[in-house]
Amino acid sequence: MKEKPETAKLSKVNQYIYIKRSWMLYLMLLLPMAFFFIFRYIPMTNIVIAFKNYNMFQGVWATNVNPCPESGHITGCSHWVGFDWFRTAFASRDFWNAIRNTLWLNFLDLLFGFPAPIILALILNELMFKKFKRVTQTIIYLPHFLSWIIVSSIATRLLATSSGIVNIFLTETMGIGPIDFLMDKANWVATYITFGVWKDMGWGTIIYLAAITGINPELYEAAEVDGAGRWRKLWNITLPGIRPTIVVLLIMNIGRILGIELDRPWTMMNAIVIEVADVISTLVYRAGIRSFQFSLTAAIGLFQSLICVVFLVAANTMAKKFGERGIW
């Protein structure tokens, strides 16, 4: 049904009154909007170097009138080359190896790291001693504030083959030979995932504990009246209550399935395990930035971002099909 002219006019008047009353809120929005526009959106224009033979001395938008000695183009050495850098990346064996490693490591992170804070939050929520609960929660989220350089140093001290505390214990106490946690490829992957779960598990727990506190306490009281035990309340009240939070975080994690930070794999990898440790971020740094191939780096980064967007949209669409709200 079409809206009546009087109703439409009244709606516009109400909107005008609301804007007039809330003009200070809109004014406060100008600063964050300016920040995102200046420091986020304007720099995006430089992504064109993925389609150019970028020369850092000529600049991104170089328009020299003298022909470039390398190509003869009259637009300067930062001339347009189309999808040449994408073809170069796709033809590289290291690129596809990095794609495989990124997907595999992120999948394992999602498989083991995503349920860990949920389980931990459910356990902490069931603790009766509040002081012990606060102390435990503080201890488990402290590793989140450690840099990966410190974490990798801890891993080296603990897991070194000859001088690591763990291998010394296994050899002298358990009678088991030293294990190459950091040199063997399979053991390195297990170590990488274990330290990742340990570092971020406590921080994710805070989010789920906050979601649990938002559940109506009357639901638990009604369940107790009906004779429900702890497991029944956990399964029928707590988990459904935090399900929207779980879905949103799951969608965001799936959207980052092809994205990985540089510090974690770079600080934990070594030359022996590079075949399973070389991911997109380390490839970009090693083969792009360190070798001054900025156009190749931009092409790989743009491809990575597009794939992440595809995964994000697909995960959000699937969530909506299963009756969840999604993230938009």
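A: Q304 is buried, with a relative accessible area of 14%, where buried means under 20% relative accessible area, exposed means over 50% and partly exposed is in between, using a 1.4 Å probe and protein chains only. This is a predicted model, in which local features need pLDDT of at least 70 and side-chain atom pairs count only at pLDDT 80 or more, while totals for chains, interfaces and linings use all residues. Residues are numbered from 1 along each chain as its sequence is written, and side-chain values use heavy atoms, with hydrogens and water left out.

Q304 lies in helix α15, helices (H or I, at least four residues) and strands (E, at least two) being DSSP runs numbered from the N terminus. Leaving aside residues up to four places away in sequence, Q304 touches L258, G259, I260 and I280, a contact meaning heavy atoms within 4.5 Å. Helix α15, which covers residues 294–321, also holds T317, and T317 counts as partly exposed at 37% relative accessibility. Between T317 and W328 there are 9.7 Å in space, C-alpha to C-alpha, and the two are eleven residues apart in sequence.

Along the principal axes, the C-alpha atoms fill a box of roughly 85 × 85 × 35 Å, and 34% of the 328 residues count as buried.

Helix α11, residues 230–255, takes part in two helix pairs described here. Its axis and that of α5 (residues 115–126) come within 12 Å and cross at roughly 130°, where axes are lines fitted to C-alpha atoms, for helices over the stretch in contact, and angles run from 0 to 180 degrees between N-to-C directions. That makes α5 oblique to α11, since angles under 35 degrees count as roughly parallel, over 145 as roughly antiparallel, 65 to 115 as roughly perpendicular and the rest as oblique. I118, L122 and E126 of α5 make the contact with R230, L234, T238, L239, I242 and I246 of α11. By class, these are six nonpolar, one polar and two charged residues, with Ala, Val, Leu, Ile, Met, Phe, Trp, Tyr, Cys and Pro counted as nonpolar, Asp, Glu, Lys and Arg as charged, and the others, Gly among them, as polar.

With helix α9 (residues 185–213), α11 packs at an angle of about 135°, the axes being 9 Å apart, which makes α9 oblique to α11. Here I207, Y208, A211 and I212 of α9 meet T238, I242, T245, I246 and L249 of α11, a contact of seven nonpolar, two polar and no charged residues.

N253 also lies in α11 and is partly exposed, with a relative accessible area of 27%.
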